[in-house]
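This briefing concerns one predicted model.

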Amino acid sequence: MDAKEFCEFGKATLAYIADYTENLRDRNVLPSVKPGYLNELLPREAPIKGESWKEVLKDVERVIMPGVSHWNSPHFHAYFPTGNSYPAIIGEIVSAGIGCIGFSWMSSPACTELEVITMNWLGKMLNLPEEFLNCSEGPGGGVIQGSASEATLICLLAAKERSTRRLKEEHPDWNDATIKSKLVAYASDQSNSSVEKAGLLGSMTMRLLPADEKCRLRGSTLLEAMRKDEEAGLVPCYVVATLGTTGTCAYDCLDELGPICNENNVWLHVDAAYAGAALACPEFRHLMPGIKFADSFSFNPHKWMLVNFDCSALWVKNSRYLIDAANVDRVYLAHGHEDKAPDYRHWQIPLGRRFRSLKLWFVMRIYGVEGIQKYIRGSVKLARYFENLVRYDNRFEIVADVTLGLVCFRIKGDNSLTNELLERLTARRQIYVIPATYMGKTIVRFVVCSQNCEEKDVEFAWNEITTQTTEIFKSQIEASAVLEDRSIEIRTIITEKPLENLTDKLLDLEITSTVKNSPTIS
Ligand SMILES: *Cc1c(COP(=O)(O)O)cnc(C)c1O
């Protein structure tokens with residue numbers, strides 16, 4: 001392919017992506033294909049002769065799109081958001097165009113240096129403690145990982161390195177194997193599955209401790225577990241605290257956990273994969289006190305900060321332990337500048353690394369801090385609007401506090417009602433929400449995900465939810481009315497309240513509540 005053709009191909013592809021993005025609302029958010037669908041549509045062998053790019057691009061719409069779950073659709077409300085934006089897409093293209101592998105400073109100086117700079121910008125935007133930044137005097141610094149899962153794992157390895165060194169000094173007669181077999185890690189039972197996985201992959205016992213009634217890990221719970229392990233001859237090594245749990249967006253009590261970890265030589269890692277982005281807005285910082293106690297902090301710009309996957313930000317207060325845990329220092333990799341710029345290969349699992357800071361740089365420059373704040377506040381505002389709609393309908397209840405872009409709710413009464421609602425919604429493919437459990441109750445997680453989600457999309461989702469709920473109650477009435485004549489009584493319960501006229505009222509309500517909760521907004 002020559003440059004002229006590349007430009008035509010590129011222009012057509014960008015136009016296709018723009019059209020896809022702008023018209024996403026019109027597609028069903030979930031596909032209707034069955035497993036193996038693509039096998040039926042594509043040949044068994046690679047083509048012998050090269051094909052034209054037009055054929056290939058056409059097939060994206062013909063065979064790929066029918067099997068895509070549209071994560072960026074305004075009707076996608078499952079999991080947590082996956083970041084995306086036009087500047088990030090272009091940043092990704094430039095990164096692919098340069099195509100360098102930035103494992104050391106010398107292997108592509110700009111790749112390392114832009115990452116150092118953007119991670120400092122980002123850390124300052126979130127108001128992280130100075131010690132985390134590469135521009136501080138100390139050994140702290142930030143690095144971009146592929147995922148929060150990797151961040152949790154490499155910090156576990158760094159914690160293991162730190163504890164092993166300390167214990168060797170304290171107990172010269174203990175060898176590495178003895179020490180490593182004694183180390184224990186802790187997290188709450190609400191932590192992401194990747195935390196448990198880090199324990200498995202890093203060969204460290206990971207205790208998932210019970211969270212309190214607000215789904216938070218408390219200091220007293222941690223302390224009790226640590227004391228019990230110490231009595232059994234084990235050594236507490238690593239704690240993962242979650243800010244913004246995947247289930248209900250709960251916040252572990254960092255200001256309780258922090259001092260306990262600091263006093264006991266236990267590495268405290270903070271997993272704020274989703275909620276961390278909200279630290280860009282001063283009015284949400286009160287939700288996450290105690291970050292100063294952490295040894296490492298990670299969040300995903302690829303979740304709620306407009307950067308497409310993969311871009312997971314990790315900061316450590318002391319990079320020495322990370323580097324020592326992962327340093328193999330072969331001669332062919334040395335370049336003599338190690339003290340002036342980080343060799344990021346020691347800060348991660350693979351050797352090779354992409355130029356991921358480009359897309360972060362594009363997003364931060366083109367949106368600016370204000371643009372990012374506006375985006376975060378917009379998501380929270382829509383979530384509050386949805387919360388108010390739920391509260392206004394007495395068939396439903398809100399479960400867990402709504403603090404950011406996640407609303408957890410359920411149909412009052414037996415779990416079977418909410419389960420049926422979820423089944424119906426998924427089968428109809430108009431909106432996508434997923435369940436979680438909260439104290440034995442099935443709940444629906446509704447997340448404001450797409451950057452293009454608007455009030456009308458929240459209303460669309462609410463209409464879909466209430467219509468299906470009405471259907472569920474109707475079929476119950478039909479069943480029970482046959483047995484006894486209670487239909488009138490139940491029919492009053494299912495009366496729907498019209499959305500028109502209500503919208504303005506609820507938005508007003510929402511604005512007052514935002515102002516009340518956020519005295520720092522000017
Ligand atoms: C999404 C999420 C993760 C996993 O993130 P990856 O980047 O996919 O590894 C971890 N922790 C929390 C709290 C999350 O919400």
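**Annotated lysine and chain overview**

UniProt, in an unreviewed entry, lists Lys-303 under "modified residue: N6-(pyridoxal phosphate)lysine". The chain that carries this annotation is a predicted model and contains 17 helices and 11 strands.

**Surroundings of Lys-303**

- Helix H11, which spans residues 301-304, contains Lys-303.
- Leaving aside residues up to four places away in sequence, Lys-303 touches Phe-80, Pro-81, Thr-82, Gly-83, Ala-273 and Tyr-274.

**Packing of H5 and H13**

- Helix H5 (residues 109-125) and helix H13 (residues 357-392) have axes that come within 10 Å of each other and cross at roughly 25°.
- Because angles under 35 degrees count as roughly parallel, H5 is roughly parallel to H13.
- The crossing of H5 and H13 is left-handed.
- On the H5 side, the contact is made by Cys-111, Leu-114, Glu-115, Thr-118, Met-119, Trp-121, Leu-122 and Met-125.
- H13 contributes Ser-357, Leu-358, Leu-360, Trp-361, Met-364, Arg-365, Val-369 and Ile-372 to this contact.
- Sorted by class, the contact of H5 with H13 comprises 12 nonpolar, two polar and two charged residues.

- Of the 522 residues in the chain, 52% are buried.
- Among contacts in the chain with a separation of 6 or more, 74% are between residues 24 or more positions apart.

Note on methods. Residues numbered from 1 in each chain as written. Predicted model: local features only at pLDDT ≥ 70, side-chain atom pairs only at ≥ 80, totals over all residues. Heavy atoms only, no water. Axes fitted to C-alpha atoms, helices over the stretch in contact; angles between N-to-C directions. Helix = DSSP H or I, 4+ residues; strand = E, 2+ residues; numbered from the N terminus. Parallel < 35°, antiparallel > 145°, perpendicular 65-115°, else oblique. Left-handed = near helix turned anticlockwise from the far one by under 90°. Contact = heavy atoms within 4.5 Å. Nonpolar A, V, L, I, M, F, W, Y, C, P; charged D, E, K, R; others polar. UniProt positions renumbered as here; feature names shortened; annotations may be inferred. Buried < 20%, exposed > 50% of the residue type's maximum accessible area, 1.4 Å probe, protein only.
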